[in-house]
Amino acid sequence: MGLCVRVVRGLTLSLAVLAGILVGTAALTVAVPTVAAAQSASSIVVEGNRRVEAETIRSYFRPGPGGRLSALEIDEGLKALYATGLFSDVRINHAGGRLVVTVVENPVINQVAFEGNKKAKDDQLKAEIQSKPRGTLSKPTVQADVQRIIDIYQRTGRFDVTVVPKIIDLPNNRVNLVFEIKEGEKTGVKEIRFVGAKAFSSGRLKDVIKTSQTNFLSFLQTTDIYDPDRVEADRDLLRRFYLKHGYADVRIISAVGEYDPAKKGFIITFTIDEGPQYHVGTVDVISNVRVLSAAALRSKVKLSPGNVYNADLVEKSVEAIAIEAAKSGYAFANVRPRGERKPEARIINLAFVVEEGARAYIERINIRGNIRTRDYVVRREFDIGEGDAYNRALIDRAERRLKNLNYFKSVKITTEPGSAPDRVIVNVNVEEQSTGEFSVAGGYSTADGFIAEASVADRNLMGRGQFAKAAVTWGQRTRGVELNFVEPYLLGYRMAGGIDLFARKNDASNSISYDITTYGTNLKLGFALTEELSFSPRYSIYRQEITLPNQYNNCQTTPTGGSIFSSGTPSGYHTHAFPVTPGDECYADGEASLAVRKELASGPVTVSMLGYTTAYNTLDNNKNPTSGLYAELKQDFAGIGGDVNFIRTTAEARTYYEVVPDVVGVFKVQGGNVSGWGSKDLRMLDHFQMGPNLVRGFAPSGIGPRDLTNGTNNDSLGGTHFWGASLEFQTPLYFLPKEIGIKLATFADAGNVWGYEGPTSWNVTGETLNVGLDGIGKTRASVGVGLIWDSPLGPLRFDFAYPLKKYCENAPGGGQVCDRTQVFRFGGGTRF
């Protein structure tokens with residue numbers, strides 16, 4: 001009769017101890033050898049194996065000294081067999097002087113399937129799990145796969161997901177593995193709290209972070225879904241925000257997301273220790289490198305005494321000094337900012353210490369995590385390369401540039417020692433995110449009526465870092481198509497190059513009596529002169545044509561009564577003896593102004609022009625600014641070929657300032673001039689047509705020089721000069737959730753457009769243009785209120801404006817012609 005011992009996984013039972021128990025006496029003093037001790041590896045008998053070779057199973061039992069198997073070797077062999085994941089049970093028996101190992105093999109997976117998954121595709125789930133078809137079924141692996149599937153759903157905000165694995169037995173020890181999934185609803189963020197925040201309102205801090213609260217438009221966005229990774233990133237955004245506004249001692253103590261069963265969502269709490277706000281005391285540059293002048297480097301510092309302390313400007317100052325030192329031949333110079341806090345005075349004395357740094361070279365730059373984006377797209381954001389001197393400031397600048405590309409969900413640059421003491425390996429770890437978008441836009445404006453747009457775009461086309469977009473617009477009074485392409489590194493230089501192809505048609509409206517069709521192309525370049533200053537030259541060529549309804553153009557005749565049209569008078573047109581006067585019958589149904597009809601008779605016109613834009617930008621946030629200045633100067637020179645000659649110059653400046661918390665003041669000034677050159681007259685279409693884009697409360701093309709001729713549509717003629725100024729205050733509506741993004745605006749506008757220089761007579765018809773409402777002193781003004789909604793459909797704006805100052809003039813034949821007003825204006829509806 002043999003002794004049989006069943007060994008369960010995780011439980012090791014010594015045969016020697018078992019023998020002692022069977023003897024049942026404590027007086028036994030003679031050592032009893034274990035049964036296994038008499039066995040050798042060659043005496044192992046394997047039973048139950050079907051796929052795994054017996055020799056393979058024996059190989060897990062490694063004999064000890066003398067080639068014998070002790071209890072320890074048997075125990076280790078048992079554990080090794082279980083660790084392979086190939087067996088669901090292993091038994092060790094002793095029979096007839098032999099060691100019998102009986103195994104039960106795990107089934108082979110025939111198929112892996114998913115049921116109930118609608119929000120995650122099968123391919124996505126299969127890529128994440130470890131259980132694979134034709135692999136061995138392992139229950140621990142299956143349980144790990146369940147957790148992986150749950151993690152996938154939780155990353156998309158579905159924390160109520162449940163996953164149940166089902167095993168379906170098949171012949172020949174094969175099984176189908178099915179994961180039954182109940183996805184549940186998305187778990188949103190019901191509330192965001194800021195504990196300890198005193199300097200800034202919760203609404204202002206919610207603008208800083210990416211996570212938002214659930215609201216009635218949440219189905220159009222994803223930022224209201226709870227994401228632990230996003231919340232952790234929000235902690236860093238909050239810290240940088242406070243450091244940028246002078247709170248040098250700030251600590252974001254915690255960011256905790258707690259599920260509230262009553263609200264069926266998460267409550268996120270950020271605990272903040274703000275500390276005092278500091279200003280800059282003294283600013284100094286100390287150069288410990290003999291040939292580098294501290295006075296010359298001081299101009300690179302972005303902060304001045306008395307400024308609010310700004311950690312971002314400190315970083316930029318370090319970069320600027322390091323780059324200047326490198327240009328002077330000291331690539332190893334180390335720039336270290338040193339701040340001396342004086343809490344009682346709430347100032348920080350800054351000193352930028354320049355020292356000769358350790359001589360280290362970049363041995364290699366490793367880029368990891370970029371599945372779609374090409375390596376060179378990442379490498380070109382570095383101002384240094386492999387073999388160059390290592391400079392921490394330039395590495396930090398590259399990291400900031402990579403984050404600003406918006407190609408990656410996260411970017412982290414680390415270093416490790418190289419193959420020699422003076423070598424450094426730079427590791428760039430990125431996590432990619434989606435960069436393509438298909439958008440549909442819908443909206444309405446008082447100028448263009450209902451309008452819709454469909455577009456497809458990718459800002460990282462095929463992983464090459466290029467931008468491409470195709471858009472189609474269709475509306476009541478406007479239609480068009482546009483193609484855009486931008487290469488951000490043209491010919492390998494840090495210079496963007498792009499091309500636009502466009503065609504659009506704008507129909508007549510209450511503001512203008514003619515249709516206008518334009519199609520052409522723009523070629524453009526763009527590069528940064530400094531961090532704030534950019535320069536963008538361009539070349540444009542387009543074809544432009546206007547058309548009129550017959551009733552607005554039926555007084556076109558020659559002195560002999562014939563048509564001015566080379567192919568004869570179109571149907572519906574009248575012919576009259578020369579000259580035509582407003583009393584003629586063709587004026588009874590209205591008539592376009594002489595300037596418009598003369599443009600029509602000229603036929604299609606080609607405009608070819610060179611231009612440029614110089615922009616200066618210090619805004620804290622381009623989308624939702626609260627401080628800083630944006631200014632731009634534009635000039636266009638038409639006459640590089642084509643049919644028209646003019647020089648057009650426009651300038652605009654906007655400054656933002658937070659008057660009190662959550663109340664932002666915006667002051668804007670603008671102006672422009674256009675003039676013809678050479679022998680060609682300035683067309684009416686090349687004049688400035690101004691309305692609510694200059695002074696709200698007036699209709700499009702509603703102010704400035706206008707035709708006073710009785711019987712005409714009194715079309716706007718435009719001017720060659722304009723100026724405008726606007727003061728606006730914006731604040732959120734406190735009784736609405738911040739996440740809805742609605743702000744109240746109050747504003748006051750003033751401006752003028754004057755100086756019509758187009759045609760005033762037409763010898764062909766004998767007509768004379770009566771120009772009115774023209775003059776440098778005719779300043780228009782208005783006040784009003786508005787609602788600004790940063791909706792998921794795009795920015796929308798509703799303005800109610802009351803004109804305080806408008807002008808009217810008597811027409812030559814009697815009656816008055818006035819500026820055209822528009823009290824209410826609504827526009828918006830871009831892509832979502």
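This is a predicted model: local features need pLDDT of at least 70, side-chain atom pairs count only at pLDDT 80 or more; totals for chains, interfaces and linings use all residues.
**Notebook: helices, cores and a run of strands**

Started with helix H5, where the buried residues are Val 142, Asp 145, Val 146, Ile 149, Ile 150, Ile 152 and Tyr 153. I wanted to know how they sit around the helix: seen down the axis of H5, they fall within an arc of 155 degrees, so they line one face.

Next I checked the length of H5. The helix runs over residues 139-155, which is 17 residues, and spans 25 Å from first C-alpha to last, close to the 24 Å expected at 1.5 Å a residue. What covers its buried residues? I found that the cover includes strand S7 (108-115), helix H4 (122-128), strand S8 (162-170) and strand S9 (174-182). I also looked just past the end of H5, where Gly 157 has a positive phi of about 90 degrees.

**Whole protein**

I stepped back for the overall numbers. The protein has 12 helices and 40 strands. Of its 832 residues, 44% are buried. I looked up the accessible surface too: about 41,100 Å², with 55% of that belonging to carbon and sulfur atoms. Then contacts: among those with a separation of 6 or more, 61% are between residues 24 or more positions apart.

**Cores**

Which residues touch the most other members of the largest nonpolar core? I get Phe 270, Tyr 309, Phe 352 and Val 354, out of 46 residues in that core. Helix H9 (residues 311-327) gives the largest share of this core, with six residues. I noted a second, separate core as well, with 22 residues, including Ile 367, Phe 382, Tyr 390 and Phe 408.

I went back to Val 354 and listed its contacts, leaving aside neighbours within four places in sequence. Among them are Val 285, Ile 286, Val 289, Leu 292, Leu 297, Ile 321, Ala 333 and Val 335. The list also has Ser 287, Asn 288 and Asn 334.

**Around helix H11**

H11 covers residues 392-404, so I checked its span: 13 residues reach 19 Å from first C-alpha to last, close to the 18 Å expected at 1.5 Å a residue. Its buried residues are Ala 393, Leu 394, Ile 395, Arg 397, Ala 398, Glu 399, Arg 401 and Leu 402. I see H9 again in the cover over these residues, which also includes helix H10 (375-379), strand S17 (408-417) and strand S18 (423-432).

Arg 379 lies in H10. Is Arg 379 buried or partly exposed? At 31% relative accessibility, it counts as partly exposed. Beyond neighbours within four places in sequence, Arg 379 is in contact with Ile 365, Ile 367 and Glu 386. I also took a C-alpha to C-alpha distance: Arg 379 and Val 428 are 9.5 Å apart in space and 49 residues apart in sequence.

Val 411 is in S17. With a relative accessible area of 9%, Val 411 is buried.

Last stop was a series of strand pairs. Strand S25 (residues 533-547) runs antiparallel to S26, joined by 12 bridges. On that pairing I noted Ser 540, whose bridge partner in S26 is Met 609.

How many bridges pair S26 (residues 605-617) with S27 (residues 628-638)? Nine, also in the antiparallel sense. Ala 615 has Glu 632 as its bridge partner in S27, and Tyr 616 has Ala 631 there.

S27 then pairs with strand S28 (residues 646-660) through 11 bridges, antiparallel. One example I wrote down is Leu 629, whose bridge partner in S28 is Thr 655. A reminder for when I look at these strands again: in a regular strand the side chains alternate between the two faces of the sheet.

Conventions:
Residues are numbered from 1 along each chain as its sequence is written. Side-chain values use heavy atoms; hydrogens and water are left out. Helices (H or I, at least four residues) and strands (E, at least two) are DSSP runs, numbered from the N terminus. Buried means under 20% relative accessible area, exposed over 50%, partly exposed in between (1.4 Å probe, protein chains only). Contact means heavy atoms within 4.5 Å. Accessible areas come from the Shrake-Rupley method with a 1.4 Å probe; for residues, only the protein chains shown count as cover. The expected span of a helix is 1.5 Å times one less than its number of residues. The arc is that of the directions from the helix axis to the C-beta atoms. A nonpolar core is a set of buried Ala, Val, Leu, Ile, Met, Phe, Trp, Tyr and Cys residues joined through side-chain atoms within 4.5 Å. Two strands pair if DSSP finds at least two bridges between them.
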